[in-house]
Amino acid sequence: MSIIEGKSDDPIDFIATDSINSPIDADKLDYIKRDSYYCGVSYGDGIDYDRFMNFLTVKETNNQVRLAYYAKGRTAISSMLLARYQLYGAIYWHHTYRCLHAMLYYATQLAFDRANYDGFSIFINKSKTINMEELRKFYYYRVICKLSWKQAWEKVNQDFKHIETSYGYLKKELKEELSLPRNDYSLDFIYRFSDSIGKRLLMDLLNRKLYKRIYSKSLQDLEDISLLIQQCENRVEISKRIQKGILEAVKRERAASQRTETSAEIMVSAEIVKLEEQIDQELYILVDFPTKIKMQKKDWPKEIDDSSRKLQNYGGDNPTEILTSSNKLLSEVACLRVYAEPNFFSIIIRELHPESIESCVRNVISII
């Protein structure tokens, strides 16, 4: 854990720390090529892996031995960063992937943010709770070890003799078989503890009944992403405020238009009434944006000048150009997006201009 967190007392351990988590770590060398292959794109093929590995080295900084690279290997480093940027633009920050991410994010928040913040407890019903330590153990046995619900609960009972609940009480909620249409233990775990909205989001996600994009805003001009994160700390509450604002805008637009009562208009009116009745019990709007965009300078590996061995001087111990270029590229493809439930989406694009939608979003998320 000390190596992973970068808190080791042994200076040489920081080579392992950087290999695990840094802008040029082993994880990126793995997932860039692997994700490119399985997603059917060729971006990962452009990395010069042999040159990349041959020009890695180490350097002592502040009594720590850190991962570094020789300046003549800068092109190989750049090839990895370029492939990473291309994957972010084509896959990781693609609007469909981010929609899937948002649906899972909200389902998870709805499942585990229903907490007793004094005791950090997840409510199973009005009287029985599981605290966070027990929940983590439960996750380990069920999702990591893939035990049945009954076996997992028996293990938790053995580990925590003081536990208030029992498998006998929860056997209706925690059945043996997976209830989701695929063998995914993580999603099933979230599903078990989520409310009705979260359960619907997960089922819609697995059945590819995806929310549709109604608004997109580039984040490249946003100086401090932390302000956006702070303003959208409770995504569920933010989404409910936006969906109410949009529904009110739709009603105003329809009242002002004075349209002829055709069969299509009657159907739309009926759908709006239905949406209005469920507006407080459902989640028709999802907000999504990446929370980490730029690579921080403190995490950047050192570049070692090797101009004494080469005629070309690459600039020495200052890889600012690569860092700046990479951050700029990532910022250009990072977006805040707002998604709407398919039926709500159909009404929104039928009734509102993009400017009206943007106004409804800005009324709630002023930082954009």
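Reader: What share of the residues of the protein chain count as buried?

Author: Of the 368 residues of the protein chain, 44% count as buried. Buried means under 20% relative accessible area, exposed over 50%, and partly exposed in between, with a 1.4 Å probe and protein chains only. This is a predicted model, in which local features need pLDDT of at least 70 and side-chain atom pairs count only at pLDDT 80 or more, while totals for chains, interfaces and linings use all residues. Residues are numbered from 1 along each chain as its sequence is written, and side-chain values use heavy atoms, with hydrogens and water left out.

Reader: How many helices and strands are there in the protein chain?

Author: The protein chain has 17 helices and 9 strands. Both are DSSP runs numbered from the N terminus: helices are H or I with at least four residues, strands are E with at least two.

Reader: What makes Tyr37 and Tyr38 an edge-to-face pair?

Author: The structure holds 12 aromatic pairs. In the pair of Tyr37 and Tyr38, the distance is 5.0 Å centre to centre and the angle between the planes is 90°. Rings of Phe, Tyr and Trp (its six-membered ring) pair if their centres lie within 6.5 Å; planes under 30 degrees apart count as stacked, over 60 as edge-to-face and the rest as tilted. The angle of 90° is over 60, so the pair is edge-to-face.

Reader: Why is Tyr37 called exposed, and why Tyr38?

Author: Tyr37 has a relative accessible area of 64%, so it falls in the exposed class. Tyr38, with 66%, is therefore exposed.

Reader: What makes Tyr139 and Phe189 an edge-to-face pair, and which helices do they lie in?

Author: Their rings are 5.1 Å apart centre to centre, with 90° between the planes, and the pair is edge-to-face. Tyr139 lies in helix H7 (residues 132-144) and Phe189 in helix H10 (residues 185-193), so the pair ties together parts that are 50 residues apart in sequence.

Reader: Is Phe189 buried or exposed, and how is Tyr139 classed?

Author: Phe189 has a relative accessible area of 2% and is therefore buried. Tyr139, at 33% relative accessibility, counts as partly exposed. Ring pairs link Tyr139 and Phe189 with Phe112, Phe138 and Trp149 into a cluster.

Reader: What is the volume of the largest pocket, and which residues are closest to its centre?

Author: The largest pocket has a volume of about 1,200 Å³. Of the 41 residues that line this pocket, Pro23, Lys294, Met295, Gln296 and Asp299 are the closest to its centre. On a 1 Å grid over the protein atoms alone, a pocket is an open set of points with protein on both sides within 12 Å along at least five of seven lines, whereas a cavity is a set of points where a 1.4 Å probe fits but cannot get out; lining residues have an atom within 4 Å of a point. Grid points are joined across faces, edges and corners, and a volume is the space filled by probe spheres set on the points.

Reader: Which element gives the most to the lining of the largest pocket?

Author: H2 gives the most, with 4 residues. By class, the pocket lining has 16 nonpolar, 11 polar and 14 charged residues. Ala, Val, Leu, Ile, Met, Phe, Trp, Tyr, Cys and Pro count as nonpolar, Asp, Glu, Lys and Arg as charged, and the others, Gly among them, as polar.

Reader: What lines the largest cavity?

Author: The largest cavity is lined by Leu81, Arg84, Tyr85, Met295, Ser326, Leu329 and Leu330. Its volume is about 40 Å³. H5 and H15 each supply at least two residues of this lining. The lining has 5 nonpolar, 1 polar and 1 charged residues.

Reader: Why is Asp204 called buried, and which residues does Asp204 touch?

Author: Asp204 has a relative accessible area of 10%, so it is buried. Asp204 lies in helix H11 (residues 196-206). Not counting residues up to four places away in sequence, Asp204 touches Met103 and Lys209; contact means heavy atoms within 4.5 Å.

Reader: Where is Asn62 found, and what is the phi of Asn62?

Author: Asn62 is found in the loop between strand E1 (56-61) and E2. Its phi is near 55°, a positive value in a residue other than glycine. The relative accessible area of Asn62 is 68%, so Asn62 is exposed.
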